[in-house]
Amino acid sequence: MASLSLPRVLQQRKTSLELERENFEKFQQLSVSIGKAVNPIEAPVKEKHVRSAIIGTFQEKGAGTFWMFVLRQPLQENRIVAWKFCHVLHKVLREGHARSISDSQRHRGKLENLGKYWQHLREGYGRLIQTYIRLLVTKLDFHKRNPRIPGNLQLTADELEAIGENDINIFFQLSVEMFDYMDDILSLQRAAFDSLDMSKSNSMTSSGQCRLAPLIPCIQDASQLYDYCVKILFKLHGALPADTLTGHRDRFSKQFEELRTFYITIKHMQYFKQLITIPSLPEHPPNFLIQSELRTYVTPVVTLPPEEPIDADSAVDSLIDTSETNSLAGDQIDSTRNGSISPDVLAERDSLIDHLHQENGRQRQELHRLLTEHQRIVESLRSRILELESILTDKGNEIILEKQLSHDLQNQKTSLLSKFQEVTDKNKTLEEKFQKLKEVYSKLREEHISLIRKKADVDKQLGNIKILHEQSERRGLEADQRLQELVQGQATAEQEIQRVAQARAELDNVRTQFDAAKTENLALVAKIDFVTSEKAVVEGDLHDLLTQKEELDVRISELLSEAEHSKAQFKTDTDAALYELLLNCISEADVILQTAIHGIDNPAISTVTCTPDYLRSLVEPALQSLDDLDTVYHSYLLDSSQRSQLARNSIHTAYVLAVYLIHAKSTSNTATDITLGDRLTDECKQLGSQSLIMLSNIKEKATSVTDQITIVKNKLKDISAQADTLINTQSNAEVIGDLVENELLGMDKAIEEAAARIQDMLNKSRAADSGLKLEVNGKILDSCTELMRCIRVLVKKSRLLQTEIVAQGKGTASATEFYKRNHQWSEGLISAAKAIAMGANFLLEAADKVVAGNGKFEQLVVASQGIAASTAQLVVASRVKAERNSTNLVALSEASREVTQATGGVVATAKSCSQLVEENEDLDMSGLSLHQAKRLEMEAQVRVLELEQALQNERLRLSALRRHHYQMAGDNEG
């Protein structure tokens, strides 16, 4: 048989049957390994069993098979199994196949339920399992949010940067998630050390090692998380203000101290010295405010000793077909027993080893090829990522440039407007200056004309003066001639001398006038030259001003066109912004309504109440807001400038409808009729849905807005009408207070009367009956008397507890007012009291019939069970509002147990008495013939069938009676 195993090893193709057998053996081996790993022995998990489970995830390329086998283990029956399961699952998530985490996500709910189950065991392994389950759930959530981080948390610096995507917000959120992860690890280690009793269990005992073994993967996770937190915090402090990260620093410092204490504690334990190398942390945490400390930071490294090799049998089982393993082992055992090993076996083993070496080499080459291909793909992806990041950076820069350009255009627009205003002011100033210069020019022109006229007058006077001068010269010549004549004529000399003197005087006078006129002429010429130069200067300034005016007119025209364009663009942007604001307001109104609709389904609001009268007062404002919304919407369609009013009305209407929905739901909580309350709640949901459709139509400018508003109004009126019906149903609660007292008194009276009647029947039976009948009647009546006594005690304790409840809850009000305020609880008391009274009467009638010989023992059993159920209803109704530590509640519970025991006594007595009667009436079959026995047998079968049919009919009748009873009880309570 041993010679057949080598061809099976070397065979490359296998039949489907062989493959199925091989898969079955693999599953069987994995199942055995998992079962051994999570065995109920309080000892640490063996590494080879965990390694087999991890290898199984790689063989199956996932953790589906692992979960299939591990869920079959008694995780809820044995705390050791549950604790070891957590350890094995942690190792599989860390070191198993990459799909192990995603396959485990679908079992997250089972993990949470397991943690909730074991949290009730508040000491020992219960707290440990709950804490470990919380850590595993946190790890699953962490990897779900960060799928690029592997299960063993090992990342390079480039991979960590790629996960952050150069976004400081992602690093901020990642640090918070790592802090939460670290908190759960530290909580687990605290719970593990707190659970150790050093007098019974320490790190060198099996129980202590069982609790401490899971801390090894926790140390590995904590070291990686600490390293990443330090690097991320340095990066955050390089990009954000220090005040923003105060909470991060405080949280890191607290975790640093706990982690350092954890590492120091682990180092001093003998158990961990051969299993793991604990890193050393500095005495003080890094100072993140100083970026230079990052260069001196040393990454903590956790190292594990080399894993022990898997034994040869398990290695061969995982690589070859083991269908003939048993025969080979048997041959080897036989050979060993004979004292020698067969040469065929040795040759086969050597051949097998050579084949395995060749297969191992081929697998190594394939692995090397896959690693090379993987590295190439990673490099190409990294280059593509860098290319995309550069493109993203360029796009980001373009966006920043566009934003800057938009900002510059806005600033330029503002500056142009200011320049336009300045140019306008300057134009006005130049216009005023131009008018002044024009006035000055007019004055100078008039002065120039007057001076020209004066110069003409002066020239004319100068001509006259020249004529006078010529005349004076001519007269002088004449005077000279006459002087000569005077020389000649002595007679007329003196006369001539006087005349000459006079002529000379006139000549001097003319000369003086001539000099003055000449001086005045020179002054006028100089003034004319000055005025001419001033005129030239003024004309030059005027020409410059006219040129500037033309330039300013052109510039003003350009600014006016730019202003018109800017105004049009501003109006367009404003309209778009206002329309977007309108959509945002309608969306906010939508959110308000959705919050109210979600609040309707919130269980916390079930205790909130509102009166129908107050709800009625909210209808008119809601209808008015809907009318206003309709009016404003039509105005908006005609004039888009009404959008702000539409936004205000939309939010106001949504707020009013949300308030009305919440109060309508609160009003439905006061309904004693559950169907009416549910119907009112459904109407509220429909109103909310129709309101959301109305807002959606307004947002889309649909033509059916008016119709939708009408639908909302109708829904609002329907809810108001249904709320009004609650007023009539609530009026019945007014008389509930007096009715409670009356029903309780009636119950006491019925119980007393029933007890007295039973005692009377017992006395009569003892006086009139004898023998078996007296024994049966005595037992039945004694058990009924005991039951009635226990019921009387229970009712008395119930009354004491109710008195205590009323005294604690009524305050300054009366007991009747307290019953009115708690009418639903009071109705429960009334129902229980009625049921007890009816049960006592029914028990009395059943006992009377049984004693008289006309009844059945089953009637007595049903009557006793019915009155016991009614007393249980009274106990539950009394316990609802009682204080948990009340002594009366304890006494009531004790009385309830006594009633249950007495009921059992009645049932047992009825059954035993029925058996006594049947035994006394046994059929005497000694004188029956064959024919008679056959006839009686057939009659008995017919009777059995009739009774079975009657039993089925009676069960149907009982079901119908119960339904009718519940309906009538509900109507009476309503």
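**Patch and backbone**

Author: Helix α19 gives the most to the negative patch, with three residues. This is a predicted model, where local features need pLDDT of at least 70, side-chain atom pairs count only at pLDDT 80 or more, and totals for chains, interfaces and linings use all residues. Numbering starts from 1 along each chain as its sequence is written, and side-chain values use heavy atoms, without hydrogens and water.

Reader: Which residues form the negative surface patch?

Author: First, the idea. Patch residues have over 30% relative accessible area and no salt bridge, and like charges are joined within 9 Å. A salt bridge is a side-chain nitrogen of Lys or Arg within 4 Å of a carboxyl oxygen of Asp or Glu. Here the patch is made of Glu431, Glu432, Glu550, Glu551 and Asp553. Two or more residues come from each of α18 (343-488) and α19 (493-600). Helices are DSSP runs (H or I, at least four residues), numbered from the N terminus.

Reader: Is Glu551 buried or exposed?

Author: Buried means under 20% relative accessible area, exposed over 50%, partly exposed in between (1.4 Å probe, protein chains only). Glu551 lies in helix α19. Its relative accessible area is 53%, so Glu551 is exposed.

Reader: Where is Leu153, and what is its phi?

Author: Leu153 sits in the loop between α8 (125-145) and α9 (157-164). Its phi is near 65°, a positive value in a residue other than glycine. Leu153 is buried, at 1% relative accessible area.

Reader: What about Asn166?

Author: Phi of Asn166 is near 55°, also positive in a non-glycine residue. Asn166 belongs to the loop between α9 and α10 (168-194). With 57% relative accessibility, Asn166 counts as exposed.

Technical notes:
Patch = residues over 30% accessible without salt bridge, like charges linked within 9 Å, V, L, I, M, F, W, Y side chains within 5 Å. Areas by Shrake-Rupley, 256 points an atom, 1.4 Å probe, with all protein chains shown as cover. Lys, Arg positive; Asp, Glu negative; His and termini not counted. Charge placed at Lys NZ, Arg CZ, Asp CG, Glu CD.
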